[in-house]
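Please find below a short note on the structure under review.

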Amino acid sequence: MMSIKLEFLGCGAGFSVGLGNNNVMIYDDTPENGYWLIDCGETTRVKLVERGLADKCLGVIVTHIHGDHRM
């Protein structure tokens, strides 16, 4: 049975530099095998590059649109 894992890449608001934007990465075994993002704040790319995962994104699920959700 496959399990889905959620990893929060940030827990702040649009202008929270220290906490990052509120973003979630969803994956099954490991994010290195590919993952989906829920919303993409401006700090998401930095977090993914730091972990070496910037090129593993399979897609983005957008729950709402405004200025702090873009990549």
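The numbered points below go from the whole chain to single residues.

1. Basis of the note. This is a predicted model, in which local features need pLDDT of at least 70 and side-chain atom pairs count only at pLDDT 80 or more, while totals for chains, interfaces and linings use all residues. Residues are numbered from 1 along each chain as its sequence is written, and side-chain values use heavy atoms, with hydrogens and water left out.

2. Overall make-up. The chain holds 1 helix and 4 strands, where helices (H or I, at least four residues) and strands (E, at least two) are DSSP runs numbered from the N terminus. Their order along the sequence is β-β-β-α-β. Of the 71 residues, 34% are buried; buried means under 20% relative accessible area, exposed over 50%, and partly exposed in between (1.4 Å probe, protein chains only).

3. Surface and contacts. The accessible surface is about 4,600 Å², and 60% of this belongs to carbon and sulfur atoms; areas come from the Shrake-Rupley method with a 1.4 Å probe, and for residues only the protein chains shown count as cover. Of the contacts (heavy atoms within 4.5 Å) between residues at least 6 apart in sequence, 32% join residues at least 24 apart.

4. Strand β2. Because 5 of the 5 residues of β2 (residues 23–27) are buried, this strand is largely enclosed by the rest of the structure. N23, M25 and Y27 cover one side, and V24 and I26 lie on the other, all of them buried.

5. Pairing. Two strands pair if DSSP finds at least two bridges between them. Strand β2 runs antiparallel to β1, with 5 bridges, and antiparallel to β3 (residues 35–38), with 3 bridges. V24 of β2 stands opposite F8 and also opposite I38 of β3.

6. Residue Y35. Y35 lies in strand β3 and counts as buried because its relative accessibility is 1%. Beyond its neighbours within four places in sequence, Y35 is in contact with residues including M25, I26, Y27, L48 and L53. Y35 and K5 are 30 residues apart in sequence, with a C-alpha to C-alpha distance of 9.7 Å.

7. Nonpolar patch. I4, L6 and F8 make a nonpolar surface patch of about 340 Å². Patch residues have over 30% relative accessible area and no salt bridge; like charges are joined within 9 Å and nonpolar side chains (Val, Leu, Ile, Met, Phe, Trp, Tyr) within 5 Å. A salt bridge is a side-chain nitrogen of Lys or Arg within 4 Å of a carboxyl oxygen of Asp or Glu. I4 is placed in the segment before β1 (5–10) and is exposed, at 54% relative accessible area.
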